[in-house]
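Thanks, everyone, for making the time this morning. I would like to walk through the packing of one model, so please have a look at the structure before I go on.

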Amino acid sequence: MPGSGAHGPAWLAEAQDLLARIATTQGPAIEEAAHWCADAIAAEGLVHLFGTGHSRIPVEEMFPRYGSYPGFNPIVELSMTFHTQVVGANGQRQAMFIERIPGLAEVILSNFSFGPKDVMIVFSASGLTAVPVEMARGARARGLRVIAVTSVAQSMAGDPEPAAGARLLDEADLVLDVCTPHADALVTIGGLDSPVGPGSTIGAVAIVNSLKVRIAELLVERGAMPPVITRSSVVGHGRSQALFDEAYREHARRLARAIIQQGSAGPENAGGVNDH
């Protein structure tokens, strides 16, 4: 769909179609994921969030920001997500190299102790590189339920990298599909053989916010809703500041338990165990 047409700019039209596909196909999976996450948060646990590359964006979209609340632990490694320099020191080539290193996920996981109801959400559009795949595998070995947010079409269009040994979607208990095509980019322009305008970010962010809202509904029903970070234009300056402080204190309280080291770094000594 080149240029702009009756329905507006081409990418916006494709993005609307993408969101419609997510709404049509992913509702039951989002509902199940929301229940898992609400169970974790209501039980004083955490929903851990991990992504490399541009998949750090939905991690940060979930928490912390206005309209979000404690119960989520964003795990982002700067070495795999610092893109603004592109080339040279801290460049994109290094980041892409690092996310393919086997064993790194275990080192990251060894920093945390996991509770018996904790959940891990791993974001990766391709789901083919070692670190996200091993993050899911290591979390499951520690007893966590694992949710993969990935593009099924993109993942199935390529082979898992040898260092990964599997696709992310193969290592998850539940898959949420961002519904993007295998190229990720949504718009084909005449005279150009490469599509432009990626869609995986808007797909992942849509899933994240759908989860955030549904989890909140479930927590309110249970009387277990944490404080929500809210703008002063909505609740006034004093209340906004109080909610901000309460949310950060609550996050710190939950995270403090998660970073107390117990025993060795191996899965057998890395915290509580869930029954799947």
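In this predicted model, the largest nonpolar core has 40 residues, and the members that touch the most others within it are Val47, Phe72, Ile121, Ile147, Leu176, Leu211 and Ile215. The element that gives the most to this core is helix H2, residues 27-42, with nine residues. There is also a second, separate core of 22 residues, which includes Val133, Ala139, Val146 and Ala148.

Staying with H2, its buried residues are Ala29, Ile30, Ala33, Ala34, Trp36, Cys37, Ala38, Ala40 and Ile41. If we then look at isoleucine 215 and leave aside its neighbours within four places in sequence, its contacts are Ala34, Cys37, Ala38, Ile41, Tyr69 and Phe72. As for geometry, H2 has 16 residues and reaches 22 Å from its first C-alpha to its last, close to the 22 Å expected at 1.5 Å a residue; following the helix comes glutamate 44, with a positive phi near 70°.

Let me turn to the other end of that helix, where glutamine 26 lies in the loop between helix H1, residues 10-25, and H2. Is glutamine 26 buried or exposed? With a relative accessible area of 9%, glutamine 26 falls under the 20% cut-off and is therefore counted as buried. Its side chain makes a polar contact of 3.0 Å with the side chain of threonine 25, and a polar atom of that glutamine 26 side chain also lies 2.9 Å from the backbone nitrogen of aspartate 177. Not counting residues up to four places away in sequence, glutamine 26 touches Arg21, Val175, Leu176, Asp177 and Cys179.

Key:
Residues are numbered from 1 along each chain as its sequence is written. This is a predicted model: local features need pLDDT of at least 70, side-chain atom pairs count only at pLDDT 80 or more; totals for chains, interfaces and linings use all residues. Side-chain values use heavy atoms; hydrogens and water are left out. A nonpolar core is a set of buried Ala, Val, Leu, Ile, Met, Phe, Trp, Tyr and Cys residues joined through side-chain atoms within 4.5 Å. Buried means under 20% relative accessible area, exposed over 50%, partly exposed in between (1.4 Å probe, protein chains only). Helices (H or I, at least four residues) and strands (E, at least two) are DSSP runs, numbered from the N terminus. Contact means heavy atoms within 4.5 Å. A polar contact is a pair of N or O atoms within 3.5 Å; within protein, one must be able to donate a hydrogen and the other to accept it, and residues adjacent in sequence count only if both atoms are side-chain atoms. The expected span of a helix is 1.5 Å times one less than its number of residues.
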